Amino acid sequence: MQTVTLNNGVQMPILGFGVFQIPAEQTEQAVTDALAAGYRKFDTAASYENEEAVGRALAASGLPREELFITTKLWVQDNPAAEHTRRAFETSAKRLGLDYLDLYLMHQPFGDVYGQWRAMEALHREGRIKAIGVSNFSPDRVVDLVDHNDITPAVNQIEAHPFFGRAADQEINGERGIVIESWGPFAAGKNNLFTDPVLTAVGQAHGKSVPQAVLRWLIQRGIPVNAKSVSPERMAANLEVFDFELTPQEMDRIAALDTGASLYFDHRDPAMVTWLGNRRTS
Ligand code: NAP
């Protein structure tokens, strides 16, 4: 598997498996199937409420820990952030059955972001987390976090797909040594992504499907991505993206689909800031 080198030297597989919205009772099977298909990088979150099921599948696989790359995410914490962040990390690690995480992301740029970040820095220094990062941070928030803390996030996981390409975010994060990672690579099918004529034509030119063309487009931009599917056939198909290359013209045709806006919601929308920032997860 192709890897991306993070700003502290950690090698992260460029393609992983995401488990958002897989119900807990289906997650163990999905992760077991994904491991059998060849995935070694898994992306979950405390708020997905399926960390335990991910952990059971990882343990049952019998794979050596160092062959796996596991990401989970810290939900917005109550104050004092230092204490709550440490407790949340320990809870997630225990549910996953792991004594260290490969990547721990602050899921949302809300609450006592600085207190949460400094607690994550401490856990990283203690060797409990190989790399720390953020998610859903707009460029202004990333720059502020970088400018006033010791450790620069390794990753910023943000919505990124053909209809919201995030070229400017990639540049601004990249200038600071931060890799943007795509969430929602297929925009969950919004905007008729799976039947889009441009994506269909680009895929067909290589004997590939729309999802394969999309994953290839992200990977060729150097953007790591987590594909989610509960179907073993789709899991396998989504891994078949390393045996072809898009031309510069094809890359540009896909980039031209960018609408410049989220297909979900804007993390800077005051109503969303209140709603997400006040939500709590166990
Ligand atoms: P997505 O990847 O854009 O779309 C997932 C949908 O695509 C699923 O319904 C899946 O259906 C379908 N699909 C997958 N492969 C397919 C294929 N080859 N052909 C046809 N359909 C296919 O959306 P997502 O799951 O929301 O995002 C992916 C991952 O990003 C998540 O699992 C999570 O790890 C991460 N994420 C992070 C955040 C964040 O705030 N940090 C937010 C959202 C997502 P089937 O399962 O039926 O195949």
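**A walk through the predicted model**

Pro-139 counts as partly exposed, because its relative accessibility is 21%, while buried would require a value under 20%. Keep in mind that this is a predicted model. Pro-139 belongs to helix α5.

Is Asn-136 buried or exposed? Asn-136 counts as buried, because its relative accessibility is 9%, and the limit for buried is under 20%. Asn-136 also faces the ligand. One of its polar side-chain atoms lies 3.0 Å from an oxygen atom of the ligand.

Where does the ligand sit? Its place is the largest pocket. Around the ligand there are 24 residues, and the ones that come nearest are Asp-43, Gln-157, Phe-186, Ser-229 and Arg-234. What kinds of residue form this shell? The shell divides into 11 nonpolar, 9 polar and 4 charged residues.

An N or O atom in the side chain of Asp-43 is 2.6 Å from an oxygen atom of the ligand. Between an N or O atom of the His-107 side chain and an oxygen atom of the ligand, the distance is 3.3 Å. How much of the ligand does the protein cover? On its own, the ligand has 900 Å² of accessible area, and the protein covers 86% of that.

Next, go to strand β8, which spans residues 155-159 and holds Asn-156. Asn-156 counts as buried, because its relative accessible area is 0%. What does the side chain of Asn-156 contact? It makes a polar contact with the side chain of Asn-173, at 3.3 Å.

Follow the chain onward from β8. A loop links β8 to α6 (167-175), and Arg-166 lies in this loop. Phi of Arg-166 is near 65 degrees, which is a positive value in a residue other than glycine. Arg-166 counts as buried too, because its relative accessible area is 13%.

Now turn to strand β5, where Thr-72 lies. How accessible is Thr-72? Its relative accessible area is 0%, so Thr-72 is buried. Compare its place with that of Tyr-48. Thr-72 and Tyr-48 are 24 residues apart along the chain, and 9.5 Å separates their C-alpha atoms.

Past β5 comes another loop. It lies between β5 (69-74) and α3 (81-96), and Pro-80 has its place there. Asn-79 sits in the loop between β5 and α3 as well. What kind of peptide bond joins Asn-79 and Pro-80? It is a cis peptide bond, with omega at about 0 degrees.

Look at how open these two residues are. Asn-79 counts as exposed, because its relative accessibility is 55%, and exposed means over 50%. Pro-80 counts as partly exposed, because its relative accessibility is 45%.

Finally, see where the two residues stand in the fold. Asn-79 and Leu-276 are 197 residues apart along the chain, yet the separation of their C-alpha atoms is 16 Å.

Methods
Residues are numbered from 1 along each chain as its sequence is written. This is a predicted model: local features need pLDDT of at least 70, side-chain atom pairs count only at pLDDT 80 or more; totals for chains, interfaces and linings use all residues. Side-chain values use heavy atoms; hydrogens and water are left out. A residue is near a molecule or strand if one of its heavy atoms lies within 4 Å of it. A polar contact is a pair of N or O atoms within 3.5 Å; within protein, one must be able to donate a hydrogen and the other to accept it, and residues adjacent in sequence count only if both atoms are side-chain atoms. Accessible areas come from the Shrake-Rupley method with a 1.4 Å probe; for residues, only the protein chains shown count as cover. On a 1 Å grid over the protein atoms alone, a cavity is a set of points where a 1.4 Å probe fits but cannot get out, and a pocket is an open set with protein on both sides within 12 Å along at least five of seven lines; lining residues have an atom within 4 Å of a point. A molecule sits in a cavity or pocket if more than half of its atoms lie within 2 Å of its grid points. Ala, Val, Leu, Ile, Met, Phe, Trp, Tyr, Cys and Pro count as nonpolar, Asp, Glu, Lys and Arg as charged, and the others, Gly among them, as polar. Helices (H or I, at least four residues) and strands (E, at least two) are DSSP runs, numbered from the N terminus. Buried means under 20% relative accessible area, exposed over 50%, partly exposed in between (1.4 Å probe, protein chains only).
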